[in-house]
Amino acid sequence: MKPHPHPSPPLEGEGVVPRILLAPMEGLADDVMREVLTGIGGYDWCVCEFVRVSSNVLPPRVFSRTCPELLQGSRTAAGTPVRLQLMGCHPELLAATVARLIPLHPAGIDLNFGCPAPLVNFHGGGAALLDDPELLYRIAAAVRQTVPTAIPFSAKMRLGITNPARAVECALALTAGGVDELVVHGRTRDDFYRPPARYDWIARVREAVKIPVIANGEIWNVEDALRCRAETGCADIMLGRGAVADPFLARRLRNEVVPGWEEGMAPALAQFWRGVQRKVLPRHAPGRIKHWLSLMRRAWPQAETLHHQLRPLRRPEEIDVVLRSAGVLAEVA
Ligand SMILES: Cc1cc2nc3c(=O)[nH]c(=O)nc-3n(C[C@H](O)[C@H](O)[C@H](O)COP(=O)(O)O)c2cc1C
């Protein structure tokens, strides 16, 4: 595949350096994927998958299980900071949990008010809180008291539960509670992951609050990012599935000429496959690489062929054979 030179995205104003962030994605962007994507580069920071705080103050090992980067200065191997994300609905419990987390020196703390999963919402977590700005305020304020000002404190919200009518109210509540910056995923919980992302509502939130707003949702390529920045007025963006579909997207957004499949994607896939095999049971490893390839098909035609070949395979040894013949893994001498 040929390199894709692209124009620089526009900036919001003089002196603004737009940031590109890697979204938290439970089951998809774990530490192995974060290491690969941040190794390719282009990200200012990333957020790990949510840690649920439901009934007990969590012991420190729970944090490093979700975010092993905590054991290496809260950074990926490439040096990209990783913020820890918590999800829950009890202000005091969240604050007490954060108090245990602080000695581990997280690169930042993020609160999740966006998860649409029915089980999570049933327990009062994630997007279910978006009908209760007063509780959002109390959660943010309780956690704020525990987070030293030197540690960035953010929140990530959807626009609402069934409709975005209270999005601005929720954002103002989180701001009043003391979050430093706000990631807004431009969908309601009931929108789930259906396109489009409602950039007009992200813009309304951005206009209403005084802290930086980071736009998120449905950015798959450079054109999407340009439109997102133009329509939301946000310079900073967070890439979710698009970052996984095209691991070079952040660098394209930085106007870099990026390598093609053989020089860029194939080594990244090999690194991922090695990492996944180190981390998960052999029977779970094939599903991980298939999942990645199925998303990657959107941006890379080579992934379609490979995905088709790997789909029926169940054992890592079988996957190795195909990856070798595709030139992703080196042939055994
Ligand atoms: C598989 C998957 C897992 C996700 N897990 C989380 C999570 O743990 N915490 C969170 O705040 N958002 C989570 N999200 C939402 C993403 O961070 C992001 O807001 C959403 O995918 C929209 O961005 P995109 O359209 O660029 O993918 C998840 C999304 C996906 C697809």
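Modeller: In this predicted model, helix α7 passes helix α8 in a right-handed crossing. Helix α7 covers residues 199-208 and helix α8 covers residues 222-232. Their axes come within 8 Å of each other and cross at roughly 45°.

From α7 come Tyr199, Asp200, Ile202, Ala203 and Arg206. From α8 come Cys228, Glu231 and Thr232. Sorted by class, the contact of α7 with α8 holds four nonpolar residues, one polar residue and three charged residues.

Now for the chain as a whole. The domain assignment divides the protein chain into domain 1, residues 20-253, and domain 2, residues 261-325. The centres of the two domains, taken over C-alpha atoms, are 28 Å apart. Where the domains touch, domain 1 gives 13 residues and domain 2 also gives 13 residues. On the side of domain 1 that touches domain 2, the elements giving two or more residues are α1 (31-40) and α9 (241-245). The largest share of that side, five residues, comes from α1. By class, the residues on this side of domain 1 are 10 nonpolar, no polar and three charged.

Key
Residues are numbered from 1 along each chain as its sequence is written. This is a predicted model: local features need pLDDT of at least 70, side-chain atom pairs count only at pLDDT 80 or more; totals for chains, interfaces and linings use all residues. Axes are lines fitted to C-alpha atoms, for helices over the stretch in contact, and angles run from 0 to 180 degrees between N-to-C directions. Helices (H or I, at least four residues) and strands (E, at least two) are DSSP runs, numbered from the N terminus. A crossing is left-handed if the near helix is turned anticlockwise from the far one by less than a right angle, and right-handed if clockwise. Two residues are in contact if their C-beta atoms, placed from the backbone, lie within 7 Å. Ala, Val, Leu, Ile, Met, Phe, Trp, Tyr, Cys and Pro count as nonpolar, Asp, Glu, Lys and Arg as charged, and the others, Gly among them, as polar. Domain bounds come from an automatic or database domain assignment.
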